[in-house]
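These are my notebook entries from one sitting with the sequence and the model side by side. I wrote down what I looked up, entry by entry.

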Amino acid sequence: QVQLVESGGRLVQAGGSLRLSCAASGRTFNWYTMGWFRQAPGKEREFVAVINWSTAYTYYADSVKGRFTISRDNAKNTVYLQMNSLKPEDTAVYYCAADSRASYSSDFAKYDYWGQGTQVTVSS
């Protein structure tokens, strides 16, 4: 019953910034854990960031710590990923996901709902 739609991905130069959005619709609840994952060509899904929807507590993968920020707007039912100082290795399809059990986990298997992804390409 939950639908997630990512947007904001595009081509950007190294060192630049992007903000991705994930709009949630359908039956959503404010205790859900919301996360961002990414998948580069030929690689497995990789954890990026997670936020507790109601408390806004967050944590990040080491590869993006200090550069990326996850946040949410409860009124708009939207989660964001602000990406600064982008590197070519950040190139991937970025997915948002929701965990109805609020596991607050970096494990993609814990998440119930997934968006379709948005492509981010960082040129060198």
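This is a predicted model: local features need pLDDT of at least 70, side-chain atom pairs count only at pLDDT 80 or more; totals for chains, interfaces and linings use all residues.

**Entry 1, alanine 49.** I looked up alanine 49 and found a relative accessible area of 0%, so alanine 49 is buried; the cut-offs I use are under 20% relative accessible area for buried, over 50% for exposed and partly exposed in between, with a 1.4 Å probe and protein chains only. Alanine 49 belongs to strand β5, where strands are DSSP runs of E of at least two residues and helices are runs of H or I of at least four, both numbered from the N terminus. Leaving aside neighbours within four places in sequence, I listed Met34, Gly35, Trp36, Tyr59, Tyr60, Ile70 and Leu81 as the contacts of alanine 49, contact meaning heavy atoms within 4.5 Å. I also took the C-alpha separation of alanine 49 and lysine 65, which is 8.9 Å for two residues 16 apart along the chain.

Residues are numbered from 1 along each chain as its sequence is written, and side-chain values use heavy atoms, with hydrogens and water left out.

I counted zero helices and eleven strands. The radius of gyration, taken over C-alpha atoms, is 13 Å, close to the 14 Å that the globule rule gives for 124 residues, so the chain is as compact as a globular protein of that length; the rule is 2.2 Å times the number of residues to the power 0.38. The C-alpha trace spans about 40 × 30 × 25 Å along its principal axes, and 41% of the 124 residues count as buried. Among the contacts with a separation of 6 or more, 57% come from residues 24 or more positions apart.

Which residues have the most contacts inside the largest nonpolar core? They are Trp36, Leu81, Met83 and Tyr94, in a core of 34 residues, a nonpolar core being a set of buried Ala, Val, Leu, Ile, Met, Phe, Trp, Tyr and Cys residues joined through side-chain atoms within 4.5 Å. The elements that give two or more residues to this core include β1 (2-7), β3 (18-26), β4 (33-39) and β5 (46-52). For tyrosine 94, not counting residues up to four places away in sequence, I noted touches to residues including Glu6, Leu20, Trp36, Val48, Phe68, Met83 and Val120.

I searched for disulfides, meaning pairs of cysteine sulfur atoms within 2.5 Å, and the count came to one. Cysteine 22 and cysteine 96 form it, with their sulfur atoms 1.9 Å apart. The pair links distant parts of the chain, cysteine 22 in strand β3 and cysteine 96 in strand β9, 74 residues apart. The torsion about the S-S bond of cysteine 22 and cysteine 96 is about 60 degrees, so the disulfide is right-handed, and both cysteines are buried.

**Entry 6, the rings.** Searching the whole structure, I found eight aromatic pairs, where rings of Phe, Tyr and Trp (its six-membered ring) pair if their centres lie within 6.5 Å, and planes under 30 degrees apart count as stacked, over 60 as edge-to-face and the rest as tilted. Phenylalanine 37 and phenylalanine 47 have ring centres 5.8 Å apart and planes at 70 degrees, so this pair is edge-to-face. Phenylalanine 37 lies in strand β4 and phenylalanine 47 in strand β5, so the pair ties together parts that are ten residues apart in sequence. Both count as buried, phenylalanine 37 at 1% relative accessibility and phenylalanine 47 at 12%. Ring pairs link Phe37, Phe47, Tyr59, Tyr95, Tyr104, Tyr111 and Trp114 into a cluster. The charged end of arginine 45 sits over the ring of tryptophan 114, 5.1 Å from its centre; the rule asks for NZ of Lys or CZ of Arg within 6 Å of the ring centre and within 35 degrees of the ring normal.

Last, I looked at alanine 102, which has a positive phi of about 55 degrees although it is not a glycine. Alanine 102 lies in the loop between β9 and β10 (113-114) and is partly exposed, with a relative accessible area of 32%.
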